[in-house]
Amino acid sequence: MGGMGRFHRHDDTTHTHADGTTHSHGDHSGYDTRSQRVEILEAIFTENDVRADLNRGAFDAAGVPAVNLMSSPGSGKTSILSATLDALRPTLRIGVIEGDIATDLDAARLEDKGAQVSLINTANGFGGECHLDAPMVNRALQGLDLGTLDLVFIENVGNLVCPAEFDVGEHARVMVYSVTEGEDKPLKYPLMFSRVHVVLLNKIDLLPHLDVELQQFLDTIAETNPRAHVIPVSARTGEGLEQWYSWVDTAVVRPRR
Ligand SMILES: Nc1nc2c(ncn2[C@@H]2O[C@H](COP(=O)(O)OP(=O)(O)OP(=O)(O)O)[C@@H](O)[C@H]2O)c(=O)[nH]1
Ligand SMILES: [Mg+2]
């Protein structure tokens, strides 16, 4: 880590140098478009929230709860979903909305497990977006027969920032956080960590190979979101997954039966 006082802060047009002098970029950059940006973003989020409520209405009308599963690329969303399908499919009919920028690789892995899968590739007509939004999930819903399902998982696009900004009409938000990402991530990327109900702290089978203790992850998660229910798991060994299945049953499925 760098020493205090060496940093430039660029979170406003005015910034302060290490020697204490301050100057503004706003008067010579020629790019002071903040008010237009705010208006456009507000319109996008308002429209998104209207569509998200429509999606939630569709899930509710069918009595099907939806779980939005988010994480950085490669933290283990598909691996955990795959194990979850094996464990729960004997008793629950599960659908998956699979969000990916490109490819049907994850969709194929989950279809092989017997799930009804509706794939959204954001590179096809959605500008290659780094997240799912409510209109995309609305489109994906046309590929699921909700009347024949008990539960839907939405695997969001792998990204630790953008997916957290969009309500897609889910009832619960869950993130997968791999121990290989480093214990500081809740502090550096607080939005997603602060918005989720559950953190699946994955790949704990790898902890013996890392220079960090489980408690350090628990501490930074609690600092960012003291209400989050944290479940340490390994999709590789299966450790902790029973606790995840039990949360899905008691917090998600049963309340909507
Ligand atoms: N050691 C170990 N590896 C794991 C575990 N869970 C997932 N992996 C591996 O991590 C890699 C990425 O897993 P995925 O399940 O594809 O991750 P993802 O979050 O779905 O990735 P994207 O959809 O690309 O964002 C794969 O090689 C998995 O085998 C785990 O608990 N332990
Ligand atoms: Mg995946």
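This is a predicted model: local features need pLDDT of at least 70, side-chain atom pairs count only at pLDDT 80 or more; totals for chains, interfaces and linings use all residues.
Okay, let's start with Thr-103: at 40% relative accessibility, this residue counts as partly exposed. Thr-103 sits in the loop between β4 (94-100) and α3 (105-111).

Which other non-glycine has a positive phi, of about 65 degrees? That's Lys-203. You'll find Lys-203 in the loop between β8 and α7.

Buried or exposed, then, for Asp-211? Exposed, with a relative accessible area of 83%. Asp-211 and Gly-182 are 29 residues apart along the chain, and their C-alpha atoms are separated by 9.7 Å.

Let me zoom out for a second. The protein has 8 helices and 9 strands. Of its 257 residues, 44% are buried. As for contacts, take the ones between residues at least 6 apart in sequence: 69% of those join residues at least 24 apart.

Right, on to helix α7, residues 214-224. Which residues of α7 are buried? Phe-217, Thr-220, Ile-221 and Thr-224. If you look down the axis of α7, those buried residues fall within an arc of 100 degrees, so they line one face of the helix. You can see how that spacing works: an α-helix has 3.6 residues a turn, so residues three or four places apart point the same way.

And what covers the buried residues of α7? The cover includes the strands β7 (172-178), β8 (198-202) and β9 (229-232), along with the helices α5 (185-188) and α6 (190-195).

Now one more residue in α7, namely Leu-218. Leu-218 is partly exposed, with a relative accessible area of 25%. Leaving out residues up to four places away in sequence, Leu-218 touches Leu-201 and Val-230. There's also Pro-186 to mention: Leu-218 and Pro-186 are 32 residues apart in sequence, and 9.9 Å apart in space, C-alpha to C-alpha.

Last stop, a helix pair. Just as a reminder, two packed helices are described by the angle between their axes and the distance between the axes. Here the pair is α1 (residues 34-62) and α4 (residues 134-141), which pack at an angle of about 30 degrees, with 8 Å between their axes. Angles under 35 degrees count as roughly parallel, and therefore α1 and α4 are roughly parallel to each other. The crossing of α1 past α4 is left-handed.

So who meets whom? On the α1 side we have Asn-48, Arg-51, Ala-52, Asn-55, Ala-58 and Phe-59, and on the α4 side Ala-134, Pro-135, Val-137, Asn-138 and Leu-141. The residues of that contact divide into 7 nonpolar, 3 polar and 1 charged.

To recap, then. We have α7, whose buried residues line one face of the helix. And we have α1 and α4, roughly parallel to each other. That's it from me, happy to go back to any of these on the screen.

Terms used:
Residues are numbered from 1 along each chain as its sequence is written. Chains are lettered from A and ligands numbered from 1 in the order in which they are written. Side-chain values use heavy atoms; hydrogens and water are left out. Buried means under 20% relative accessible area, exposed over 50%, partly exposed in between (1.4 Å probe, protein chains only). Helices (H or I, at least four residues) and strands (E, at least two) are DSSP runs, numbered from the N terminus. The arc is that of the directions from the helix axis to the C-beta atoms. Contact means heavy atoms within 4.5 Å. Axes are lines fitted to C-alpha atoms, for helices over the stretch in contact, and angles run from 0 to 180 degrees between N-to-C directions. Angles under 35 degrees count as roughly parallel, over 145 as roughly antiparallel, 65 to 115 as roughly perpendicular and the rest as oblique. A crossing is left-handed if the near helix is turned anticlockwise from the far one by less than a right angle, and right-handed if clockwise. Ala, Val, Leu, Ile, Met, Phe, Trp, Tyr, Cys and Pro count as nonpolar, Asp, Glu, Lys and Arg as charged, and the others, Gly among them, as polar.
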